[in-house]
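Morning, everyone. I have one model to take you through, so please bring it up on your screens.

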Amino acid sequence: MRVQSIIEKSQTKRIERKHTIDHAVLIGKGGYVSPLEHLWDDLLLSVVLQKNILLKGPSGSGKTKLAESISSFFEQPMHSINCSVDLDAEALLGFKTLIQDNGQTAIDFVEGPVIQAMRYGHILYIDEINMAKPETLPILHSVLDHRRMLTNPYTGEVLQAHEDFTVIAAINEGYIGTTPLNEALKNRFISFSIPYLTGEPLRAVFVREFPEAKPALINTMLSLAEDTFIQVQNGLLSEEAASIRSLLDATELAQYIDPKRAIRYAIAEKLEDESEKALVMELANTWLK
């Protein structure tokens, strides 16, 4: 069976599923544009084959937008977890709480994103998974391997994942506060590198997002994007300076205020190093006389 027909068959089946109003609002919006020829179809195929997906790439390269676009493609709700050193089992699985039931106090369990996604066949998006403490994540090992199941330590329930259950995780490699994924966890994923969008695909995104913007402004921002990307490759700017998300923010602001100020607010001021801030503004000045 051709890859495209496998994907389309699964898409049709998933779209036909009915979701509650609370779950339907979790369906992401599309719009991701792939910088690589086969990336999008390969990701969709991995979802259909029940593979766990790991997205690797710099901040602002579109990893979250990509996950939301997969959610949109399958019309499948997506539960998000933002990892940090404070992430614990309750944030993943849920927690017990006291409720009043017919005048009696009872203990109820509020399901967390992992259990909800497993039970209802939704997407579980784990952002910056390498920010979590290594001792927290092994609780997901049985969820992420061939068993696709979990014994809830708070209730004792043994939960088998719905066939449409999908896990997408994202990491920013080499950032302060991150730790390498251990081999046991890493081996449970199919890994994809997500580069920054450049060239004509990036222009298409700007034209789509800002149809009323003046062509001169779009050209200026695209030229700035190319320059910052080159300086990142040369090691003179950190990856955050080339963030597509920040560039889009700057463009939106620049439709109403001076573009130099917009670039300063949306890009330069996010950088920690003063010399990098100055370099971004110097690059902007070459296009904004």
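Ground rules. This is a predicted model, where local features need pLDDT of at least 70, side-chain atom pairs count only at pLDDT 80 or more, and totals for chains, interfaces and linings use all residues. Residues are numbered from 1 along each chain as its sequence is written, and side-chain values use heavy atoms, with hydrogens and water left out.

Overall fold. The protein chain has 13 helices and nine strands. Those are DSSP runs numbered from the N terminus: H or I with at least four residues for helices, E with at least two for strands. Along the principal axes, the C-alpha atoms fill a box of roughly 70 × 45 × 45 Å. Of the 289 residues, 46% count as buried. Buried means under 20% relative accessible area, exposed means over 50%, and partly exposed is in between, with a 1.4 Å probe and protein chains only. Now contacts, meaning heavy atoms within 4.5 Å. Take those in the chain with a separation of 6 or more: residues 24 or more positions apart account for 72% of them.

Pockets next. The grid is 1 Å over the protein atoms alone, and a pocket is an open set of points where a 1.4 Å probe fits, with protein on both sides within 12 Å along at least five of seven lines. Lining residues have an atom within 4 Å of a point. Points are joined across faces, edges and corners, and volume is the space filled by probe spheres set on them.

How much space lies in the largest pocket? About 420 Å³. Its lining has 19 residues, and Gly-62, Lys-65, Ile-244, Arg-245 and Leu-248 lie nearest the centre. α11 gives the most, with four residues. By class, the lining of the largest pocket holds eight nonpolar, five polar and six charged residues. For the classes, Ala, Val, Leu, Ile, Met, Phe, Trp, Tyr, Cys and Pro are nonpolar; Asp, Glu, Lys and Arg are charged; the others, Gly among them, are polar.

The second largest pocket holds about 260 Å³. It is lined by 19 residues, with Gly-199, Leu-202, Leu-222, Ala-225 and Glu-226 closest to its centre. α9, α10 (215–233) and α11 each supply at least two lining residues. The largest share, seven residues, comes from α10.

Helix α1, residues 3–15, has 13 residues and should span 18 Å at 1.5 Å a residue; its end C-alpha atoms are 18 Å apart, which agrees. Expected span here is 1.5 Å times one less than the number of residues. Which residues of α1 are buried? Ile-7, Ser-10, Gln-11 and Arg-14. They cover an arc of only 105 degrees around the axis, so they sit on the same side of α1. That arc is taken from the directions from the helix axis to the C-beta atoms. The buried residues of α1 pack against α3 (39–48), α4 and β8 (166–171).

Now α13 (274–287). Its 14 residues should span 20 Å, and the end C-alpha atoms are 21 Å apart, which agrees. Its buried residues are Glu-276, Lys-277, Leu-279, Val-280, Met-281, Leu-283 and Ala-284. They pack against α10 and α12.

Last, the loops. Ser-243 sits in the loop between α10 and α11. Is Ser-243 buried or exposed? Buried, at 3% relative accessible area. Leaving aside residues up to four places away in sequence, Ser-243 touches Ser-59, Gly-60 and Tyr-196.

Asp-273 lies in the loop between α12 (259–266) and α13. Asp-273 is partly exposed, at 35% relative accessibility. From Asp-273 to Leu-237 is 36 residues in sequence and 9.1 Å in space, C-alpha to C-alpha.

Two phi values to check on screen. Gln-50 is not a glycine, yet has a positive phi of about 65 degrees. Gln-50 lies in the loop between α3 and β1 (52–56) and is partly exposed at 35%. Glu-128, also a residue other than glycine, has a positive phi near 50 degrees. Glu-128 lies in the loop between β5 (123–127) and α7 (141–144), and is partly exposed at 28%.

That's it from me.
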